[in-house]
Amino acid sequence: MPDGVATAAPAPIVLDAIGKRYETTSGPVQAVDSVSLTVRREEFVSLLGPSGCGKSTVLGMIGGLVTPDAGRILLDGVRCAGPSPDKVALVFQDGGLFPWRTALDNVTFGLELRGMPAARRREIARGLLEPMGLSGFESKYPRELSGGMRQRVAIARALALDTPILLMDEPFGALDEQTRLLMGEWLVGIRRRTRKTVVFVTHSLQEAIALSDRIVVMTARPGRVKDVMDVALPFPRDLNAPEVTELRAKLWEQVREESLKAMGGRP
Amino acid sequence: MKVWVWRLGIAVAALGLWEAVAAPLNPLFYVRPTALPGALVAMWQVPELPPLAEHVWLTLREIGAAYLLAVAAGLWLGFLLGLRRTVGRVYEPLLAALYAVPSVVWYPSLMLFFGLGPASKIAFGVLLGFFPIVVSVLAGIRQVPETLVTVARSMGAGPWTVFHKVMLPAMASTMVGGLRAGLALSVVGVLVGEILGSRAGVGYVINYAYGLMMTREYAVLAVLVAAGVLALDLAGALAEARVKRWAG
């Protein structure tokens, strides 16, 4: 990072050589090793890599949930230490909905923590659930909703915080292929409306190509940045277009190499 | 609905069977259910004892005190051991070992410490009721899904908010089961305490009636206690079902 003259608007997310090592019973494990990345405003960046490559750890560090033991993280130019719920909202793989709260009360949770009056936060939550096709399900409990609906509620809960940055950790990982594709299309729409900066963790090439402006391919453990690819295709994307096929082949080659390494050279 | 009819039927059949078996036998040893109502009336005022109502009232107060203390001690120790990992790792095995000892072996020392009065009964009720509560708190804490805590933390929740908005609700169904088991055991503790050595309370009257071969009176008391415990447990079951429905 060049210091001195402050630029007009610092990048929303800057990762400067961050690393994380975990102590396990079988010795220390370097999960992430000197990852550097600058995410531009309103950009959609996907972290793609084999399982266990530290993608989620990187996301956790941006979210302030995991403390990096090397490097630094700047959010809007400010050093990040701990969660910043006014800037960053997270969506987790299994949704992480509170089973004892209705869909509506799950969405209002973050606003409740901010001390917003009940009437106002319900109004916001209804306004978010309605365009998601979830009106009529406000008073249902998570166990009464389908997987896709639960994930939409989880995303609504993150959107309710109205943060400029959205971090998503394999949000559609537990869904079937069809629902997953539809949720992707839906997310493209959401993103266009809300103009958020998004970091999206996935191990699906298809998903990364369908959604991202840039794809960061990560190496097998320790997680490093292997390659960064721009996806300069207009939305909504035709996943059968020749450019997409070509890009997928290129991505696959890289991911394949790392996945093989992660498996110890043999599938 | 149908279940209730069946249960009622089973209860009536059991009473009928009891009547049929006891009828031809020596009434001094085998009391018939039809003899119970009369015995209850006679029992209400045994000349050489204070009125039965006073004994019942004393026992209820002992149970109340024992259960309140068991809940307080159980929740306190459970959270202390569950939330402080190192403390928990040191003491949990000891607790499990203590739990395995039949608690009755402690009762003589409780009588030595607390005397023959209500205090030793309350202490025994606490001792019995407290274990399932501690165990359920520890199990409950272990069951809280990590993701839910992470979600709350990511939204800026501090330790106290995480505790009461995430952990408590996530633990509720497990904890309420322990609280219910604790209540049942507190009742057992107080009654057993009274039977083993006391000068008042329902357990004392049971022992008194038994000692004088007042079999009818003894049977009335046993049925009375059973009915009381059943009502208490039914209330507990309803509360548990409610909490479970809410906590999912």
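Two residues are taken to be in contact when their C-beta atoms, placed from the backbone, lie within 7 Å. The model is predicted, so local features need a pLDDT of at least 70 and side-chain atom pairs count only at pLDDT 80 or more, while totals for chains, interfaces and linings use all residues. Residues are numbered from 1 along each chain as its sequence is written, and chains are lettered from A, with ligands numbered from 1, in the order in which they are written.

**Start with chain A.** Select Ile62(A), which touches Ile13(A), Ile73(A), Val88(A), Leu167(A) and Val199(A), leaving aside residues up to four places away in sequence. Ile62(A) and two of these partners, Leu167(A) and Val199(A), are also among the residues with the most contacts inside the largest nonpolar core, together with Val107(A) and Ala158(A). That core has 119 residues, a nonpolar core being a set of buried Ala, Val, Leu, Ile, Met, Phe, Trp, Tyr and Cys residues joined through C-beta atoms within 7 Å. The largest contribution to this core comes from helix α6 (residues 118-143) of chain B, with 13 residues.

Now show the whole of chain A, which holds eight helices and ten strands (DSSP runs, H or I of at least four residues for helices and E of at least two for strands, numbered from the N terminus). Its C-alpha trace spans about 50 × 45 × 45 Å along the principal axes. Of its 267 residues, 42% count as buried, meaning that 20 or more other C-beta atoms, placed from the backbone, lie within 10 Å of the residue's own.

**Move to the contact between the chains.** Here 17 residues come from chain A and 14 residues from chain B. On the side of chain A that touches chain B, helix α3 (residues 109-113) gives the most, with three residues.

**Finish with chain B.** Chain B has ten helices and zero strands, and its C-alpha atoms fill a box of roughly 70 × 50 × 30 Å along the principal axes. Of its 248 residues, 33% count as buried.

Select helix α8 (residues 159-196) of chain B, whose 38 residues place the end C-alpha atoms only 46 Å apart, short of the 56 Å that a straight helix would reach at 1.5 Å a residue (the expected span being 1.5 Å times one less than the number of residues).

How values were computed. Buried ≥ 20, exposed ≤ 12 C-beta atoms within 10 Å, placed from the backbone.
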